[in-house]
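Please read the following note beside the sequence and the structure.

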Amino acid sequence: MQTQTILLIIAAVVIAFTIALFQYVYKARNKKKNILFLALLRFLSLFTLLLLIINPAFKQNTYYIEKPTLVVAIDNSSSIKYLNKDQNVKNITSQIRKNEKLNDRFNIVYYTFSDKLKDSISLTFDKTQTNISKALDELDQIYKNTTAPILMITDGNQTYGKDYQFGSSKYKQSIYPVIVGDTISILDTKIEQLNVNRYAYLKNKLPVETILTYSGKEDINTIFQIKSGTNIVFSQQVLFSEQKKSNIINVTLPANSVGVNQYMAILTPLDTEKNTINNTKTFAVEVIDQKTNVLLISDIVHPDLGAIKKSIESNERRSVTIIKPNEKKDFNDYQLIVLYQPNTRYRQVYEDLNAHKKNHFTITGPKTDWVFLNKIQNKYTQEITRQTEYYLPKFNNNYGAFLLEDIGFNNYPPLLGTFGETRLNTNHDPILYKTIGNIETDEVLLTTIEQNGIREAVLFGEGLWRWRAQNYLDTQGFNEFDEFFGKLVQYLASNKRKSRLNTIAESFYYGNANIAIKAEYFTKNYEFDRRGSLRITLKNKETEASQTIPMLLKNNTYDVDLSNLKAGNYEYTVTVLGENITRSGDFKILEYNIEQQFLNADVTKLKHVATNTKGKVYYLNQKDAVIKELLEDKRYQAIQKNKENVVSLLDWKYLLILLILLLTIEWFVRKYNGLI
C-alpha cells in the first residue's frame with residue numbers, strides 16, 4: 001500500500017473522530033442517553049463513507065512464465081498427395097504433436113495453407129492452388145511482436161503469388177523449411193508456361209506463346225503440337241540438350257468461329273519420363289465479333305486519362321480513343337462517350353450527344369466549368385463557389401442497377417471536387433456517397449442515371465489514378481478496380497433493358513480457378529430484394545447429370561461456389577422460388593491441375609528462405625534433427641514476466657452495506673432515546 005494512501009486513511013480517522021465528538025459530545029444537549037455509543041456509530045459511519053471515497057488499493061505483482069510460440073505451417077495442396085508424401089506429412093505432424101519436450105518448451109500452434117492460410121490442422125491435400133508468399137506474409141503479421149519460429153512443411157512449389165524467396169528477407173521470424181518430395185533432378189520435358197489472350201475477335205489472329213523446358217543431360221528430339229479437337233492446327237519439332245534447356249515457340253492461330261474455341265497443347269513425352277501430366281495443357285479462347293469502343297474527350301492533360309484508358313483496356317474486348325473536344329469523330333463508331341471535366345469547348349459535343357442519343361460518362365473536377373455545365377444539361381447542378389473540397393468515397397450497398405461489390409473504398413484516398421451543394425434533378429441510383437473528413441453525407445459522389453433509354457454516369461471528383469494506385473498497394477494488382485470500372489463501362493455501353501433477374505458467369509473456366517456464378521434479383525420497382533430464394537440447376541452436357549444448389553445472399557448478390565465441379569461442359573438455370581422468372585446460360589471447365597505439374601521439391605527457394613531468416617533447411621527423414629535444433633536453440637527461451645495489478649483493499653459493496661447498517665442502527669437508537 002502506498003504511503004499516500006496510508007496518510008489519507010489516517011486523515012479519514014481524524015476527520016471522522018473529530019466530527020463525531022463535535023456532534024455528540026461538544027454540541028449535545030443531553031449527554032446521558034448513550035452519547036458515547038451514538039458517537040461511536042457516527043464515527044464508524046463517517047469513516048466508512050470516507051473509505052468509500054478514498055478507495056484504498058495496493059499493487060499486486062503476479063509472476064508467470066511465457067513460452068515462445070512454435071508455428072507449424074503445413075502445405076495442404078494436392079501436389080503433396082501427387083508426390084505420394086501425404087502420409088509422411090501426417091506422420092511428422094503427429095510426432096510433433098506427441099513430443100513432450102517440444103510441447104513443454106513451446107506453445108505450439110498449427111496452420112495449413114494452400115491458396116489461403118487457415119488456423120486448422122485438417123489435412124486433406126486436395127487444394128488446387130498454393131500461395132506460400134501470402135501464407136508467410138500473414139504469419140509474419142500475426143506474430144510480429146512475439147518470438148515465434150516457423151516450421152514450414154512443404155514442397156516449396158507455388159502456383160501463384162509473389163516470389164516468396166525474395167520477400168523472405170523482411171520476415172521477423174526464423175523459418176525452418178521441412179522439404180517434402182524428391183530432390184534429385186530426373187529427366188523431364190515440360191510445358192512450363194502458355195501465354196494466350198482470353199478473348200479474340202472474329203477474323204483476327206490469335207497469338208500463342210509457349211515456353212518449353214527440359215531437365216536432363218542428353219540431347220533429345222521431340223514434337224510440340226496444338227490440337228483443336230482431333231485436328232492438328234500446329235506442329236513443330238523441338239530440340240533440347242544440356243546447353244539448351246528451354247524453347248520459346250510463338251504461333252498465331254486463326255479466329256474463324258464465334259464462341260469458345262478449345263485447344264490442347266501437347267509436348268510429346270519421352271519414353272523414360274516419370275511425369276507426363278505436365279506435357280499437356282488445355283486452353284481456350286472466346287472469339288467475339290464485336291468490340292466495345294469508348295471515346296474519351298478531354299481538354300486537359302491529367303493522370304486520370306491514362307488510368308481510365310488502362311482500366312478499360314484491361315479487358316481485351318474494349319478499346320479507348322482519346323481526343324480533344326474540337327476534334328471531329330463519328331459518335332456512331334462508339335458505344336460510350338466519356339467527358340472529362342467539360343468546359344465551354346464541349347458545346348458541340350453535347351449537341352452531338354443529344355442528336356445521337358449516346359450513353360455517356362461525365363467526370364467533373366476543379367477544372368470543370370460549372371456555369372456552362374449547369375446550363376447545357378438539367379439532370380444535375382452544382383453550387384458555384386470557385387472553391388475545392390476533398391471527398392472520401394462511401395459505397396452504397398443497396399445499389400441495384402447492376403452487380404457491384406465494395407472493393408475497399410473506405411481505404412481509398414479522396415477525390416478533389418468542387419465545394420458546394422450538388423443537386424440531382426432526376427431519378428438516379430447512387431454508387432458512392434461523399435464523406436467529408438469524418439462526416440458522412442447523403443450527397444452523391446458517383447451515380448448512374450437512366451432516362452428515355454439513355455444511360456449516364458456522373459463522378460463528382462478527379463483523382464481516379466490514385467484509386468487505381470491504391471488498389472495496387474492493397475492487392476499487388478489492379479484487378480479489383482479494373483473489374484469495378486469495367487462493370488460500370490459495360491453497363492453504360494449497353495442499351496439492354498433492365499431485368500429483374502441477372503446472372504454473371506464466364507464462358508469458360510480453368511480447372512484450377514475459383515468458379516463462381518452470381519445473380520441479382522430485384523422487386524417490381526427494381527429495388528434489390530434480399531428476401532428472394534434463388535436456386536441454380538446445373539447439368540453436365542456429356543453425362544446428363546444434374547444437381548440443384550441454393551444460392552446464398554452475399555452483400556447485394558446471390559452467389560454459388562462451383563469450384564468442386566469436374567472438367568466438362570455445363571448449362572445452368574437460375575430460378576426464383578415463387579416467381580416465374582428464370583435465367584439460363586452455359587460454361588466450360590477446362591481440365592487442368594497445376595499442382596500436378598511439379599515433379600520435384602523447390603529446394604533452391606526454400607534454402608534461400610532459411611538463409612534469409614536465420615533458419616535451417618531439413619528433409620522429411622530429418623525430423624529428429626529439426627526437433628533437436630528447436631530444443632537447443634538458445635534464442636527460444638521461456639521468459640519470466642511480471643504483471644502488476646492494482647487491487648482494491650476493500651470491496652465497495654460490503655462497505656456500502658456496512659454504511660447503511662450503521663446509519664440504520666444510529667437512527668433507531670436516536671429514535672428510541674427521543675433524540676429525533
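This is a predicted model: local features need pLDDT of at least 70, side-chain atom pairs count only at pLDDT 80 or more; totals for chains, interfaces and linings use all residues.

1. Residues are numbered from 1 along each chain as its sequence is written, and side-chain values use heavy atoms, with hydrogens and water left out.

2. The structure holds 20 salt bridges (a side-chain nitrogen of Lys or Arg within 4 Å of a carboxyl oxygen of Asp or Glu). One of them joins Lys-518 and Glu-405, at 2.3 Å from N to O. Lys-518 belongs to strand 28 and Glu-405 to the loop between strand 20 and strand 21, so the pair ties together parts that are 113 residues apart in sequence. Strands are DSSP runs of E with at least two residues, and helices are runs of H or I with at least four.

3. Arg-468 and Asp-482 also form a salt bridge, at 2.9 Å. Arg-468 lies in helix 11 and Asp-482 in helix 12. Arg-468 is buried because its relative accessible area is 10% (buried means under 20%, exposed over 50%, partly exposed in between, with a 1.4 Å probe and protein chains only). Asp-482 is likewise buried, at 9%.

4. Strand 29 and strand 30 form a hairpin with five residues between them. Their pairing is antiparallel, over five bridges (pairing requires at least two DSSP bridges). Lys-541, in the loop between these strands, forms a salt bridge with Asp-586 at 3.5 Å.
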